Amino acid sequence: MRKAEVIDIAARAEQTIFVGKDILELLSSSMYVNPLTIYREYVQNSADAIDEAVATGLLGSTADGAIEIALDHLNRSVTIRDNGAGLANSDFARKMLSFGASAKRGTDARGFRGVGRLSGLGYVQELVFRSRASGDPKVLEAVWDGRVIKRLLTSTATDTALQALVEQSVTLQEANAEDHPSHFFEVELRKPRRIANDRLLNEAEIEFYLAQIAPCPFSPDFSYGLEIEELLSPFDRAGKSYNVYLAGSDTPIYRPYRDTVHFAETKSTSLRELKTFEVEGLDGDLAAIGWFIHHDYQGAIPTSQGVRGLRARVGNIQVGTDRVFSEVFPEERFSSWSIGEVHILEPRVVPNGRRDEFETNTHLENIFLHLRPTTAEVARECRVSSQRRNRIKAFDLAAGKIGEKLEIVRQGAISQRYKKEMMAEIGSLLGEMERAAGFELFDDEEEAELRARLEEIRTIVDEYATNTGGDAL
């Protein structure tokens, strides 16, 4: 039998390995479902740049860092700038033209796949990157022409290499150095597409999205914020927050948590008790740390509040939606009743490319397993709250029926026999109220309030019976 010939691929790489143009579409618009995701990608990179500036002494702390998002509605452009370390002139071209070659992999940085910066390509006419590092004389910029890219991607030609596409659509040039800071990085999105209420230029939608997703600080109006920050502070990236300023505001974007949650215009609840927890990893190290807050669990929290669900965060940036841990609740519906976060510390629990889920492995399964006692506690509170509300509803319903029947008795246009039947029914309703008020899971204040109402109604019923010639109940 003739031995198979071994082909030296390395020697023939240029002839045998071909990276086509369509890979760029996969790395940009095809990877992201929500257009606002591009803000997460650029803010995430800015946070890493600020961390680098702190590590090298350019900034005293992350509190000195700033991420500014400018919206130009007239010219239709968005600029996202940070005062982080920036890219050195000598590295700029290589890093701006590379794909999936991030030097962040294996470090504490949040982004590590080297493709997030291209997320805006599918939504704009031009995508511009500008930067310089401290000590560099020049500000360099890379301009990606989205129109040229779209034309080349829609072409029927199948032999266009990725390198050729980049060469035809990207321009490297200098910008006016006097118009820019000594160290910075910025992304400019020119002529973004109008998508669903023009969300890429919609200030309210951008703020609502970033308040949930980005590593923003807690609001001064959130009483539990300082305690949560102290809980997370020993864990480096999990405890870091960054000032993100939108549309020239002097106030940074705050996380959406407040002391009160509104279910409707006339229905709200106050947060009442912070609980914290830890998850041990398979090697005995800390795999995750988290918190949740009890309230009166009136039902599913509206999505408009931006706080519902036990949410996952890595490097203080949210992964997935408010339902990422819904399957670990005894009943999935209780996920939307809860408020809390799980900060993943285990480095082997990694978000997938879109950051909408995690890559599945035993370390992730371990975290899910250890969250079940926590979610079971939330579920118990949900059930107790539901039972309490049902008892109160039964109490109020009986009280309303007694009021209707007393009004009939008061009018006097009924026979004595019918009146006795009516008073007997009132007696039964008082019994229902008594049973409702005696629910064992009411706290002392709740039970005292219901019994006071019950005695008040008993007094009124006795007065009606006496005044109309009947027997007191």
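**Figure 1. Helix H5 has an exposed face and a buried face.** The model is a predicted one, in which local features need pLDDT of at least 70 and side-chain atom pairs count only at pLDDT 80 or more, while totals for chains, interfaces and linings use all residues. Residues are numbered from 1 along each chain as its sequence is written, and side-chain values use heavy atoms, with hydrogens and water left out. Helices (H or I, at least four residues) and strands (E, at least two) are DSSP runs, numbered from the N terminus. Gly146, Val148, Ile149, Leu152 and Leu153 are the buried residues of H5. Viewed down the helix axis, these buried residues fall within an arc of 160 degrees, so they line one face of H5; the arc is that of the directions from the helix axis to the C-beta atoms. At the start of H5, the backbone nitrogen of arginine 147 has a side-chain oxygen of aspartate 145 within 3.0 Å.

**Figure 2. Helix H5 lies across strands E3 and E4.** H5 spans residues 146–154 and runs at about 40 degrees to E4. Axes are lines fitted to C-alpha atoms, for helices over the stretch in contact, and angles run from 0 to 180 degrees between N-to-C directions. E3 (residues 126–132) and E4 (residues 139–145) are antiparallel and joined by six bridges; two strands pair if DSSP finds at least two bridges between them. Within this pair, leucine 127 has tryptophan 144 as its bridge partner, and phenylalanine 129 has alanine 142. The two strands form a hairpin with six residues between them, and glycine 135 in the turn has a positive phi of about 95 degrees.

**Figure 3. Strand E3 is covered on both faces.** Seven of the seven residues of E3 are buried. In a regular strand the side chains alternate between the two faces of the sheet. On one side of E3 are Glu126, Val128, Arg130 and Arg132, and on the other are Leu127, Phe129 and Ser131. E3 also pairs with E6, in the antiparallel sense, over seven bridges. In that pairing, serine 131 stands opposite phenylalanine 185 of E6.

**Figure 4. E3, E4 and E6 belong to an open sheet of seven strands.** The strand order is E5-E4-E3-E6-E2-E1-E7, and the pairing is mixed. Strand E5 (170–175) and strand E7 (244–246) are the edge strands, each pairing on one side only. On average, neighbouring strands of this sheet are turned by 15 degrees against each other, direction ignored.

**Figure 5. Glutamate 186 is a buried residue in a strand.** Glutamate 186 lies in E6 (residues 184–190), and its relative accessibility is 4%. Its side chain makes polar contacts with the side chains of arginine 81, at 2.7 Å, and arginine 130, at 2.6 Å. A polar contact is a pair of N or O atoms within 3.5 Å; within protein, one must be able to donate a hydrogen and the other to accept it, and residues adjacent in sequence count only if both atoms are side-chain atoms. Leaving aside residues up to four places away in sequence, glutamate 186 touches Thr79, Ile80, Arg81, Val128, Phe129, Arg130 and His180, where contact means heavy atoms within 4.5 Å.

**Figure 6. Proline 215 is a buried loop residue.** The loop that holds proline 215 runs between helix H7 (203–213) and helix H8 (225–232). The relative accessibility of proline 215 is 1%. Its C-alpha atom is separated by 5.9 Å from that of tyrosine 242, 27 residues apart along the chain. Not counting residues up to four places away in sequence, proline 215 touches Val43, Lys240, Ser241, Tyr242, Arg313, Gly315, Asn316 and Ile317.

**Figure 7. Five strands form another open sheet.** Its order is E10-E11-E14-E12-E13, with mixed pairing. Strand E10 (273–280) and strand E13 (317–319) are at the edges, and each pairs on one side only. Neighbouring strands here are turned by 30 degrees against each other on average, direction ignored. E11 (residues 286–294) and E14 (residues 339–344) run antiparallel and are joined by five bridges; isoleucine 289 has histidine 343 in E14 as its bridge partner.

Methods: Buried < 20%, exposed > 50% of the residue type's maximum accessible area, 1.4 Å probe, protein only.
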